[in-house]
Amino acid sequence: MLKHLFKLIWNKKKENFLLISEILISFMVIFAVFTLLVYNYQNYKQPAGFDAEDVWAVDLGVMNISKHKDSASVVHENLRNVMKDLPQVKSISFSNGNVPFADNYISMGLTYKKKEIYPDVYSVEDGYKDVLRLTLVSGRWFSPEDNGREKSTIILNEEAKQQLFGSGNAIGKTITQYDDKMKVIGVVQNIKGQSDFKVATAGAYQRIDTGRIRGMSQMLVRLMPGMDAAFEGKMYKLIASTIKSTNLEIKHLVDMKAEKNKETTIPMIIFFIVAGFLIINVALGIFGVLWYNINKRRAEIGLRRAIGATATSVSMQLLGEALVIATFSLIIGSFFAVQFPLLKVFDLPASVYLQAQFLAILFIYLLVVICALYPGKQAASIYPAVALHEE
Amino acid sequence: MFKNYFKIAIAVLKRRKFFTFISLFGISFTLTILIVLTAFMEVLLSPAYPDVNRNRELFINSLELTNKDGSYMMKGRASFYFVNNFVSKMKTPEKLTMHSSRSTTNAYPNDRKLSVDLMYSDLAFWDVYQFKFLEGKPFNAQQLKNAEQVVVISEDMVHKYFGEGVPAVGKEVEVNNLKYRVIGVVKTVPSTLIYIHSDIYLPYTLAANTLKGTSLTGGYVVTLLAHSSADLPAIQEEYQQLLKKVPHPEKYHDLLSSYADTYLESFTRDVLGRSGSSGRDRFFLLMATVIFIFLLLPTVNLMNINVSRIMERSSEIGVRKAFGASSRTLVGQFLVENMILTVLGGCIGLILSLLIISILNSSGIIANLSLKINFTVLCYSLLACLVFGLISGVYPAWRMSKLNVVTALKANN
């Protein structure tokens, strides 16, 4: 039966050429849609690793501080004391420009036994873990016992630990950055600090020592829930009058996250709308062509009915033919689709492509079945007498 | 004859309403997307308020310092020192102006939070860019020199800060914990003008910390206005000559490169530029490829439907052939019919895109967006329409013309 159908289509390959190529192109479009969808969904499913609610990022702006090192740390210390006195503030930490959802990246090379990785490096203080509510996997977070040896301790996230140590233990091991030796004292859970749709990258946390605090351009603050703009205005004035800077800015991490998520969702929505219309277009086209083809074969169908074929078997045959045409396209399409994971065209895991390919095949078959159902049913309702009479 | 073709085409369209609907749907939707896309490009790239002279402007967007083997690279906007000591000495441009990149800060009028964009500019800024002042005027040379705390703000900013329709000149706005006196209100610049849209414009002398030092990189964008667009190559040449005389003695700063680019090139160079080329050609190639791929599916679809439609009319074709019509006449007739269909679809597409554009403009996804369908956009879409109709009509018409008379007549059954 199946062999017979293939033969039927093969004999009419010239007539079906356009239909096959149309389904083929549709398959490639659907494949792209599902690849995006699967990839973003997989990333979205990953735990965030931290809590952005009620955290504000204060961009300290351009501070007018003298070149003398002490005066810088005095400004930061003053600010810290002022902030700690506010009852609404739970905890604070100064940070480099690379706070979550900011477009700043700082990285450096870390080496362990000749293996080198380039993780994002975050300069943080003891309060950072409480501000973002990070989860410690093993070891410990920074504490005052690290005073005076800031340069010699480091905390990795799981991804960085995985890259450097594999599944082995990392706590207590010594890694190097150029000539500096650093001891790993803890491993924290990965955080998705770029957006909900971006996978966590390798990261390392270093404690800010007094010499470097003047370079810290951001402050992260965790507040009591439900702080309003009036309080924010008060806090803004307080900070501005303490550090005398221009372009001071307070942002809510939740808003920053929403903004960054839009960078993924808006292009995706536009792409889906366009692809959706393309598919409707194609579906109508396929429907029309099948309908026409079946109408053209009234005589043949009438004859089959006359010699005893049931209505179901007639509509099954037409459905089968449509599916065989789709199969031809999918075989060619799969050949192209398989090249993506094989040649690593984009830097995506192979599982994403395979899942997307599977879903796309399913989708195309579904589409063809829907398009062929009505014309097939119509053909099955042909009366043999009428059809043969026309002949 | 064409009148006849037209009549036949309309009759055919009416006969198979479902097929007509599918074809029109495909054509109009495809063209809608193309028109909206073209309108976007148009609003991004063509001269618009207040940047009306864009065709004779060049932009210095960034400077790049590298060492000899390329392992060290520093890239940034131009510094005040570089602009003031070197660029401002250029002779070929008619005028030149510098303004800072946008920076954002907060303001809290009446316990509401506002996010405010700031931009520092010089005097010529108000000459090169033709701002429309709704109230007051820009700052003058005296105010710039004395670093007076005065600002020009946008109409949007007035709405957000003072309320709708409130006169703002003479009042004070408080940003950065400092109070500034408003001396002018300008019509808001849409955010599609990537370099110069902002809420507040201040004299550059207020950004005191950017005026010191001899670093070449800083935070300023320079606009060079030529006498005419024919002068642009001469200005670019003078700029390259000027760069050779700029000292950059610091360690690793072996090579200094920077370009005075046209508006489009100043963006494509960052993304697509390779070793000195502006990336503009690559940009156009990329766009063409994307549009081609996008058009492929609807075209094949339309072709497919057209084949069915023509084969349905095989008896008519058989009769005409039998009475001596040449293949060429038949192909011509079919192409004309297909053109009528595509033009019809194009009209629907135009109406749809007008609808979408008005929705986009009022939705506020992009602030102050003003997409328009102007003559250029219309021409491009008409062209796209015709190409679309031609391509999707040729193959089916060719297949039709090869029909054998006897078979065609017999198919009449």
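I started with the hairpin: strand 9 and strand 10 of chain A form it, with two residues between them. A:Tyr178 sits in the turn and has a positive phi of about 50 degrees. The model is predicted, so I took local features only at pLDDT of at least 70 and side-chain atom pairs only at pLDDT 80 or more, while totals for chains, interfaces and linings use all residues. Residues count from 1 along each chain as its sequence is written, chains are lettered from A and ligands numbered from 1 in the order in which they are written.

I checked the pairing next. Strand 9 (residues 174–177) and strand 10 (residues 180–188) of chain A run antiparallel, joined by four bridges. Pairing needs at least two DSSP bridges. Helices (H or I, at least four residues) and strands (E, at least two) are DSSP runs, numbered from the N terminus. I found A:Thr176 opposite A:Lys181 of strand 10.

Then I moved to helix 11 (residues 327–363) of chain B. Its 37 residues should span 54 Å at 1.5 Å a residue, and the end C-alpha atoms lie 52 Å apart, which agrees. The expected span is 1.5 Å times one less than the number of residues.

I listed buried residues (20 or more other C-beta atoms within 10 Å; exposed is 12 or fewer, partly exposed in between; C-beta atoms placed from the backbone). Among them in helix 11 of chain B are B:Phe334, B:Glu337, B:Leu341 and B:Gly345. B:Gly364, just after the helix, takes a positive phi of about 80 degrees.

Last, I looked up B:Ile10 in helix 1 (residues 2–15) of chain B. B:Ile10 counts as partly exposed because it has 13 C-beta neighbours inside 10 Å. Its C-alpha atom is 8.4 Å from that of B:Glu337, 327 residues apart along the chain.
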